[in-house]
Amino acid sequence: MHPALSVILFTVASGIGYGMLMLLALFLPLAAGPADRLFGAVSLGLALACIGGGLLSSTAHLGRPERAWRAFTQWRSSWLSREGVLAVLSLVAIALLTLAWPILAAPVECIEMTAAIAGLLSAATVAATAMIYRSLKPIARWHNRWTVPCYLTIALASGGLWLDWAGAATGVDFLPRAVAPILVLLAAVVKALYWRHTDGLKSATTIGTATGLGALGQVRPLDPPHTAANYIMKEMGFRIARKHAAKLRRIAGGLGVLAPLLLVIAGGMVPALDRSAVLLAAPVATIGVLVERWLFFAEAQHVAMLYYKADAV
Amino acid sequence: MTTLPTPGAVRLGLVIDLDICVGCHACAVNCKEWNTGGNAGPLSDYQPYEAQPDGVWFNRVHSYEVGDGPAGQTVHFPRSCLHCDNAECVTVCPTGASLKRAEDGIVLINEDVCIGCKLCSWACPYGAREFDEDVGVMRKCTLCVDRIYDEARPEAERVPACVSTCPASARHFGDLGDPASDVSRMVADREGMALMPELGYRPTNRYLPPRAKGSGCSAHAKSPALEPVMPEGTGFLGWLDRLLSA
Ligand code: SF4
Ligand code: SF4
C-alpha cells in the first residue's frame, strides 16, 4: 500500500498523545500528593499538540476535507467513523483535564477522575484506529490479530518515553523509572511477533481465485487493461524490496527500541547525563516509530494487485 | 446509512461470458463515454494526450494466458464492480456516501457526501473503486442506474451501456436474485463463478468460464486433408499450371 505521509504522521503523533493520557490515568493516583501543575501543563500541552496536529494532518489525506464532519455519522458500521467520534470525545476529556489540573488545580479526586475518563477514551481511540486496518480483509498484513496489540503497545511505549521527557523538562519524577523501558520492550516483542506472523502468511487468494480461472491452469497476465498506472496501481501497488524492508526493520528496531533503552541505562549509570539522555530518548524513539509505521503501509499488499501481476500477495 | 440493508429479492447484476469475450474493450470505452456524460460524470482524465494518460474508468479489460502447451488459451477478462451482497466497501465508509440499495442491490456512491478518504477502495478486493483526483471523491460502476430505469428509453435499451455495446454479446444484465431469470439460468447451466469467494464478499456478478476446447494440436492432425476447392485446370492454362507445378 502507498505509504501516505499524512496518515503515518497522524497514527504516530496521535499514538504518542493518547499513550501519554493512558499512562497519566494509570499513574496519577499513584503519585504522592497533588500532581505538579507545571508538569501537567507540559505533558498535557504536548499530548494535545500531538493529537491535534495528527488529526489535522489526517485531514490532508482527504479529497474533500471541508466535509470531514460527515465522518462522525456512520459509527454504527465504520471503524473510521468510530475513531473520529472517539477522537473528539477524548479531546474534550483531555481539555477538561487540562482545565482541572494545570489551570484550576482542582481537588485530586476530580483530576484523577477526569484523567481516568480521558485515559479510557484514549485507549479506545487507538484501538479504533487499529481496527480500521485490522478489519480490511483484502490486506492480509493488516487483517490479523497482531495489528491492534501493535498499535496499543507502541502508543503506550511512545507515551511513556514522552511523559519521561516532560518530567525531565520540568524536573518532576512522575513515572517510576522502569515503566518506559518495560513498555518499549513490550512493544518490541509484540511488533516482532507481528512480523513473524505476517511473514509466514499464506494467502488462499491467488490470481486463480481472483479471475476464477485457476481450475484451467496457471494464469499469467498477457495484456494490461491500460498503458499507464491507474489509481489502483498507484494506491495498492506500492512495493518495497524485501532486502530494503529487512534493513528498515533493523533501523526501526535500533532507533525505536535499542537507542532509548541504551540512553535510559546510560542515564541511570551516569547521573550527570540522566536528564539529557531522557530528553533525547523520546525523539529518537519516535523516529524509529515513524519508520515502523512507514513499513506498516509499505509492506502491506492488497489482493486487487493480483489482477495486474501473477505472483501471490 | 452504511450498514447493509437486509438483502431484497431483486439483485441486479451482470453475467460476463469469458468464453465469448474477445477483449475489444468496447464495453470499457462505452462505459466511460456514457458515465462521463451521465449522472456520475464527468469522470476525470489526467494528461489524456500525453505519453502516460490516466483517468477514472469503471470497467477495465485484462487479458490473461491460462494453462500451458496445447491446453493454453487467451482469456479476456473485464473487471468492474460486482455489486457484492456483503459489500464491505459500504460498511467501512464513515460518511454514509457509500450505500447498497435494498430494492435492487446496486452499490452506489453519493458524491455530494463523499469526503474522499479512500477507505472503501482499500476494502474492495476487486479494485473496482477509483479515486477522482480532480473532484476529490471516489468513483465506481453504477450499473448504469441512470439508464436501466429510464422510461424514456425503449425497453430493450434499458440495460447498462457495457451490455448494450458488447459486439460479441458476452455481457448479460438481469436479476440474479430470481432463479428463473435468463441470467440465473445461464449461471446454473454454465457453472458461473464468483470471484475470490474465499473472502466472503458474496459478489452478485458472475463470470461464465471458457468452455472446454478440443484437445489441441493432436485433434487438428487427425482431421482429413482439405479437398481442393477449384477443379483442376483444363486447356492451355491447365497444361501451363501442371508444367510449372511439376
Ligand atoms: S466489487 Fe468492490 S466496490 Fe463493488 S460492491 Fe464489491 S466490494 Fe464494493
Ligand atoms: S472515499 Fe467516500 S465513499 Fe469511500 S469510504 Fe471515504 S467517504 Fe465513503
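Ligand 2 is surrounded by Cys93(B), Pro94(B), Thr95(B), Ala97(B), Ser98(B), Cys114(B), Ile115(B), Gly116(B), Cys117(B), Lys118(B), Cys120(B) and Met138(B), where a residue is near a molecule if one of its heavy atoms lies within 4 Å of it. The structure is a predicted model, in which local features need pLDDT of at least 70 and side-chain atom pairs count only at pLDDT 80 or more, while totals for chains, interfaces and linings use all residues. Residues are numbered from 1 along each chain as its sequence is written, chains are lettered from A and ligands numbered from 1 in the order in which they are written, and side-chain values use heavy atoms, with hydrogens and water left out.

The shell around ligand 2 has 8 nonpolar, 3 polar and 1 charged residues (Ala, Val, Leu, Ile, Met, Phe, Trp, Tyr, Cys and Pro count as nonpolar, Asp, Glu, Lys and Arg as charged, and the others, Gly among them, as polar). The residues around ligand 1 include Cys81(B), Cys84(B), Cys89(B), Cys124(B), Arg129(B) and Lys140(B). That shell divides into 9 nonpolar, 1 polar and 2 charged residues.

Chain B also meets chain A: 62 residues of chain B are in contact with 59 residues of chain A (heavy atoms within 4.5 Å). In chain B, Tyr64(B), Ile115(B) and Trp122(B) lose the most area to chain A, together 16% of what that side buries. The buried area, which is the accessible area (1.4 Å probe) lost by two parts on being put together, summed over both, is about 4,900 Å² for this pair of chains, and carbon and sulfur atoms give 58% of this area.

Between the two chains, 32 residue pairs are in polar contact, both residues being at pLDDT 80 or more (a pair of N or O atoms within 3.5 Å; within protein, one must be able to donate a hydrogen and the other to accept it, and residues adjacent in sequence count only if both atoms are side-chain atoms). On the side of chain B that touches chain A, β4(B) gives the largest share, 7 residues (strands are DSSP runs of E, at least two residues, and helices runs of H or I, at least four, numbered from the N terminus). Strand β1 (residues 219–223) of chain A pairs with β4(B) in the antiparallel sense over 4 bridges, pairing requiring at least two DSSP bridges. Tyr64(B) is the bridge partner of Pro221(A).

The interface holds 4 salt bridges (a side-chain nitrogen of Lys or Arg within 4 Å of a carboxyl oxygen of Asp or Glu). Glu88(B) forms a salt bridge with Lys137(A), with the closest N and O atoms 2.4 Å apart.
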